[in-house]
Amino acid sequence: MTETAPGIVIMGAAGRMGQMLVRAVCDSGEARLAGAVVRTGHDWVGQDIGHAMGGPAMGVVVSDDPLEAMARAQAAIDFTTPETTLEVAHLAAQARAVHVIGTTGFDDAQLERLIPASRHAVQVRAGNMSLGVNLLTGLTRMVAAALDDGWDIEVVEAHHSRKADAPSGTALMLGEAAAEGRGVTLGQVADRARDGITGARIRGHIGFSAIRGGDIVGEHDVIFAGQGERIVLRHMATDRMIFARGALRAALWGQGRSPGAYDMIDVLGLAR
């Protein structure tokens with residue numbers, strides 16, 4: 001690995017995704033690990049990240065100071081919390097570093113607060129970083145555009161029991177694609193929960209269902225239900241490393257790009 005390879009900081013390095021991102025960067029041959037950041041007070045602070053993960057030394061000391069880590073990096077990959085991501089976005093803008101955001105669970109106000117940072121640095125945000133899911137997103141948009149609102153759309157997602165947000169960021173991304181295909185705004189047609197006597201389904205609405213259990217990595221179905229027939233588009237993830245590889249690809253793609261807000265459709269060069 002040469003010193004000219006892009007230096008990447010992993011935010012939330014102690015988490016499951018954080019550790020996978022560390023491994024993905026170190027194994028890539030295309031990037032170097034420039035920093036590993038954890039929350040203040042974590043017992044990994046001050047340790048070599050390799051030792052903290054139970055392996056050989058990697059030559060990078062775990063820090064709880066994202067500002068210090070960003071000072072020597074060309075990119076940050078961030079699968080943390082909305083609050084932490086907003087802080088990192090500000091630092092990435094100052095450093096003119098690529099900020100890859102895999103964090104989910106943002107509310108509308110938090111998404112608005114991400115916009116100023118994207119005017120100064122490349123910001124790649126996606127509810128899911130995998131190639132397959134982003135292909136599914138494109139297919140969802142295409143099918144929704146081809147069918148009228150007499151076809152009911154349901155997005156069904158399943159994740160592990162520890163996932164904190166629902167619907168998942170990927171499910172919302174798929175819902176946005178379906179709404180875009182129909183030329184409507186998701187916020188006006190989304191049914192995000194049903195309980196009790198709900199009455200008949202409203203024509204044109206897009207429904208969401210969330211399943212939580214065990215160690216499910218991620219499964220997403222987009223169901224188009226018509227009279228006498230259904231179309232089901234499905235993606236199943238069996239290894240979280242697909243998300244780490246996608247995020248690394250985004251960090252490398254962003255090098256030398258003009259500042260702005262991008263997503264994995266841009267990274268993969270897929271038609272909208």
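Helices (H or I, at least four residues) and strands (E, at least two) are DSSP runs, numbered from the N terminus. This is a predicted model, where local features need pLDDT of at least 70 and side-chain atom pairs pLDDT 80 or more, while totals for chains, interfaces and linings use all residues. Residues are numbered from 1 along each chain as its sequence is written, and side-chain values use heavy atoms, leaving out hydrogens and water.

Which residues of α5 are buried? In this helix, residues 108-118, they are Gln110, Leu114, Ala117 and Ser118 (buried is under 20% relative accessible area, exposed over 50%, with a 1.4 Å probe and protein chains only). Seen down the axis, these buried residues fall within an arc of 95 degrees, so they line one face of the helix; the arc is taken from the directions from the helix axis to the C-beta atoms. Asp108, Ala109, Glu112 and Arg113 are exposed on the other side.

α5 lies across β5, β6 and β12, at about 145 degrees to β6; axes are lines fitted to C-alpha atoms, for helices over the stretch in contact, and angles run from 0 to 180 degrees between N-to-C directions. Those strands belong to an open, parallel sheet of seven, ordered β3-β2-β1-β4-β5-β6-β12, where pairing takes at least two DSSP bridges. β3 (62-63) and β12 stand at the edges with a single partner strand each, so one side of each has no neighbour in the sheet.

Methods. Contact means heavy atoms within 4.5 Å.
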